[in-house]
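Good morning, colleagues. Please look at the sequence and the model as they come up on the screen, and I shall then go through selected parts of them.

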There are 6 protein chains.
Amino acid sequence: MHLLVVNPNTTASMTATIAAAARAAAGPSTVIEAVTSTMGPASIEGYYDEALAVPGLLAEIARGERAGAAAAIIACFDDTGLDAARAMATIPVIGICEAALSLASFLARRFTVVTMSQRSLVPVAELVRRYGMEPRARVRALGIPVLELEDPASSVVAVLRGEIARALAEDHAEAIVLGCAGMADLAVALREEFGIPVVDGVGAAVKQAEALVALGLATGKRGAYARPAVKPYAGLLAGFGLEGKAVA
Amino acid sequence: MHLLVVNPNTTASMTATIAAAARAAAGPSTVIEAVTSTMGPASIEGYYDEALAVPGLLAEIARGERAGAAAAIIACFDDTGLDAARAMATIPVIGICEAALSLASFLARRFTVVTMSQRSLVPVAELVRRYGMEPRARVRALGIPVLELEDPASSVVAVLRGEIARALAEDHAEAIVLGCAGMADLAVALREEFGIPVVDGVGAAVKQAEALVALGLATGKRGAYARPAVKPYAGLLAGFGLEGKAVA
Amino acid sequence: MHLLVVNPNTTASMTATIAAAARAAAGPSTVIEAVTSTMGPASIEGYYDEALAVPGLLAEIARGERAGAAAAIIACFDDTGLDAARAMATIPVIGICEAALSLASFLARRFTVVTMSQRSLVPVAELVRRYGMEPRARVRALGIPVLELEDPASSVVAVLRGEIARALAEDHAEAIVLGCAGMADLAVALREEFGIPVVDGVGAAVKQAEALVALGLATGKRGAYARPAVKPYAGLLAGFGLEGKAVA
Amino acid sequence: MHLLVVNPNTTASMTATIAAAARAAAGPSTVIEAVTSTMGPASIEGYYDEALAVPGLLAEIARGERAGAAAAIIACFDDTGLDAARAMATIPVIGICEAALSLASFLARRFTVVTMSQRSLVPVAELVRRYGMEPRARVRALGIPVLELEDPASSVVAVLRGEIARALAEDHAEAIVLGCAGMADLAVALREEFGIPVVDGVGAAVKQAEALVALGLATGKRGAYARPAVKPYAGLLAGFGLEGKAVA
Amino acid sequence: MHLLVVNPNTTASMTATIAAAARAAAGPSTVIEAVTSTMGPASIEGYYDEALAVPGLLAEIARGERAGAAAAIIACFDDTGLDAARAMATIPVIGICEAALSLASFLARRFTVVTMSQRSLVPVAELVRRYGMEPRARVRALGIPVLELEDPASSVVAVLRGEIARALAEDHAEAIVLGCAGMADLAVALREEFGIPVVDGVGAAVKQAEALVALGLATGKRGAYARPAVKPYAGLLAGFGLEGKAVA
Amino acid sequence: MHLLVVNPNTTASMTATIAAAARAAAGPSTVIEAVTSTMGPASIEGYYDEALAVPGLLAEIARGERAGAAAAIIACFDDTGLDAARAMATIPVIGICEAALSLASFLARRFTVVTMSQRSLVPVAELVRRYGMEPRARVRALGIPVLELEDPASSVVAVLRGEIARALAEDHAEAIVLGCAGMADLAVALREEFGIPVVDGVGAAVKQAEALVALGLATGKRGAYARPAVKPYAGLLAGFGLEGKAVA
């Protein structure tokens, strides 16, 4: 099984972290192809970065599907471009936020998501609400830029541990969800340190993608995720061949 | 990986259907142990049956955990006894309703659950609400007793197909969730017939259980799912050794 | 009017507290029969205890209905087994949580429920949500085992008074609901001390049961609370004669 | 126990219907004083009538409280002026809508309210939402003016029976709530005809008022229902002495 | 364009503040007529004051409409009598709370409303919920009587600034809504001081009223806001001629 | 006042319709600059088109802001790219869906949105939920491609009229919102034909933009709409200069 994992930001070192987490989670017959988007921001923090990351992300998924990927994973906790990708592709597409929230909901009645940037707090809280987890999940932000996760000298892990401690004390959290793809390598150590489930979305999404493929399930193609209608696309984006997906 | 699948009703022929669906979904290294509860009703239709099925179900999960199961699946769409089982066990426990709704939410923005008995309509609708899927999922009931699924001469499949057709037309459903463990063998044929995703909870739960075990995740043990306190249990139920789980 | 009040835990001293509160609330022509369940845990703290208390509870209600009770009250704040009991019985069945929340809603726009065990916090919060009181009610837990209420030397009342004070200051609570049947004897003194309504569920449920009986109202028997279908029940629980209720 | 039942519309014949229902529900030691407001519309259908009925209603409750009433009931299904009355009075005040919805919620998981005028449909639906019953209750309107209930030649009862039949078939209603005080005399006959619980708010409110008084509970006087501040009131309404209530 | 702005309390000095804010917001061709109600409380703090302010308010709107006003604004943050006024009038009617919340929702994902009296906290929170802003807006009260806004020696502005600072720190507020008509003159200074949007409802409502008139839109007259039915009105209120509006 | 109205699809004839509606709504001192995006799909129907329209849209808003526009309007009913645009820009940005829903909420308690493509049904319903209008608004789709609005021979207007009639009969709609920018020219005629408010989002957004500018209000720049952080952007999109906005 060939799974495509797209890092929708353009920072290759973060893709390495993501790829390692994906491979650690993957089953023995799963091949992980982890790619870095070539178009968009170096990190995704809030609505603006998110919007500009989508075309590059879609281009990678379209390419991956043509190359035979069985499913695609969007490795950004904002589930950037997820609905557009599902409408475009015929293979299943999984976002790491929705995958992580699902698994957390099997482990705890109340849990807390810890994300990086203050700009991401509201977008992630809106995802929590959209996925129906609002009565049981809270969202906290560290107030640290995402790219600090790539800096070994950063104090980000210490700040994260402090925030997890506050979530346990103040939110009655029974589990923690790591709210950034770049935190994927921290899940196991934090789980052991705090003695609670700590869910990383990258691993969660790999298992969900494997599940859908194994069960022969793919995105429904009537209604919201119907294949886009055939129509002209103008401008530079037309060069990406995305509109070709719209041919019935 | 040893997965315990408990049919919480006492009808062995339904366990056979469930076991087949579980094995079809399981990965190559997963061993499915499918058991029939020895205490409770022959089928679970509504709140009363559900309540009386729980002690037998818990006894099976306690026994399975002692025998080394890596995770347990409750194979009744009411997710009967799920919270109690999670508090009791240390291994992960998955309900087929929550598993099916999660996978369906990755495939469609709107979907419809089709259950059997009219008595189950409200309990299933309450689960849909509890799992946060109320804005996107509707529930329909066939108005047919569950045990008719065991009768080859029954017209239940024809009625089910009619209800799916109505869900597509009236609910704008983009996917269907089969709302009874006894329907597990119908998913593939219905998917092909209607050209939409049809999700069976048994297969879905197997993949979720495999996912949790593979990722090293187990139920959070603070708060709602904390291990039950040590205390006396009186009466016949005391003979099941369930209270033994309460020893710290 | 003969009202059955079932203490679904197996601690007789708590039944005495409950019986006294019920009799203090009852009208002059009401006879309170307070019984202790003979099967289940010594106290009900969270999902596991709750599930194992249900068969014993149902057996008492079935027996009481045969003996001519006009209505039944479930005297545990988790409203343990309430839906199953309503489906089984033809007489009205009232839970003390739903009764207390209803009366509190007539007295205050915002109120706080104070329960005992941390394990009960989420189950009670889910009841608050299920009964539609989420926008106006908060839930607090003392973090003390229920059975300490039976210990005259315990500091539980002092802790309770502290938590009520915090609810007034932090939650803007306009009334307090006592979230455990074992607190029933404290309502009047706390009401006088704090100068706010303090609602005990046992008294509240007695009045609701009297109301339904006086008005000639009983549980609706179509849909969710339809009489259980006739079917075989296996195992030790079959000895309770509960399945006899399923005969049409 | 002296209960004040205020018909906030100015139609005395409807007060007679209300008084009869209240007396039929009242306990042996309860004295029902049923009064007709002297100021406001002849019937209350929608927001405008509701607003103009409030001063007359408040005047009656203020007078009744001075005369020693133990509790007051607002006998209009819009719960007209309920919050203002609770803030003004120290005795408990009950609305017939909230009382009826509470009792119905003890009898059924899903129920339907049938009101008279199309103008009342949205206000009653907003009450259903405000009281937390939205997930389980629907509202239907007969599209007939309220005062037709006072006309023996009217076909209103036939139309009501048709609407109840539709609620059973289309809403899966398990109980019916009569959504107008003027329907109070119809509950028993409809209950027998349809074999389901039919809840009348007037009787329901009498029992709730008796319950609060028997339990020694009165409106919380901090926050939303705090006694109004002392301040000048101008204009004709000043003549009603209502502002006198505001003296600390 | 002639806009009627009604101060529904009877304090003329507050009308002056409101009129100034309305005129500052109005377009060049808009004429603001600001009137003080002649019947009701000197300030509106909570449900009781609100109810008694409605008849005087309706009388002013009815008079204003007869005099040719193109739209009416209710200048009290409780949106006192708004639904009744909309049913009565044919011209558009705007409440300052709904207008302010709408504009704030265009400027921020999360915002905080700061109101005056503790009695208003719950009514304003209920409006926030009714207008669909509950997931994104919080409400705070200063705990100061409204009329202190008319006292130049009062410390109310200092307290308000402290509360805004807390909203920024604790609520993650991105904008502030001033929750009292009497605060209208403070918006610009606070906006500059805190560097965030500060929305005053009076100005907001003037622009919304201008918008509706310019677009030729008026209240829908079927359903909830249908013109009141013709019927007798009794008592002193009958002298206001309001019932005349009910003639078809 | 210079208002920028961006048609985020690339069909110039639809921009002409939008521009006419905007100019008809604009105040005498407002200058409407209506532009067609140069990059993206010819019409926006569902998530995929929406995502690919955003970069072109953002480029136009960035250009317009540099050229001195006082506010920007996104003239697609999906409110395409609205959050990203608000984070990017310092001038206010208004979406036609949010503007139309706001105005409709001032005119009716219940209303129905009629959109074009079946692919847009769920995205628009999600907007209705996001803007807090879910309890009062329904969404219907004509099942006709957007570009048929540009075809004078199309039967789309007849189909639209039929759907409005169904909304009045089945949804109890009190007002209609036109759910596509291309319908802007139909509002007045439909309003007269059906005798109810018919709200067009383009005109509504023009008035909201004028309101914000007149009141001196602009997007809050802390939290969700904080200015994007300075960081590298890769790929073709970097050529648009959008990342220049991120310089502090």
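**Strands, a sheet and one alanine**

I begin with strand 7 of chain B, residues 137-141, which is mostly covered, since 4 of its 5 residues are buried. Please bear in mind throughout that this is a predicted model.

I turn next to chain C. Here 4 strands make up an open sheet with parallel pairing, in the order 7-6-8-9. Strand 7 (137-141) and strand 9 (198-200) of chain C each have a single partner strand, so they stand at the edges, and one side of each has no neighbour in the sheet. From one strand to the next, the twist averages 25°. Inside this order, strand 6 of chain C (residues 111-115) and strand 8 of chain C (residues 175-178) run parallel and are joined by 4 bridges. Val114(C) faces Leu178(C) across that pairing, standing opposite it.

Finally, chain A. Where does Ala181(A) lie? Ala181(A) belongs to the loop between strand 8 (175-179) and helix 7 (187-194) of chain A. Its relative accessible area is 4%, and because buried means under 20%, Ala181(A) counts as buried. Leaving aside residues up to four places away in sequence, Ala181(A) touches Ile18(A), Ala75(A), Cys76(A), Ile96(A) and Val202(A). His2(A) lies 179 residues from Ala181(A) along the chain, and their C-alpha atoms are separated by 20 Å.

Terms used. Residues are numbered from 1 along each chain as its sequence is written. Chains are lettered from A and ligands numbered from 1 in the order in which they are written. This is a predicted model: local features need pLDDT of at least 70, side-chain atom pairs count only at pLDDT 80 or more; totals for chains, interfaces and linings use all residues. Side-chain values use heavy atoms; hydrogens and water are left out. Buried means under 20% relative accessible area, exposed over 50%, partly exposed in between (1.4 Å probe, protein chains only). Helices (H or I, at least four residues) and strands (E, at least two) are DSSP runs, numbered from the N terminus. Contact means heavy atoms within 4.5 Å. Two strands pair if DSSP finds at least two bridges between them. Axes are lines fitted to C-alpha atoms, for helices over the stretch in contact, and angles run from 0 to 180 degrees between N-to-C directions.
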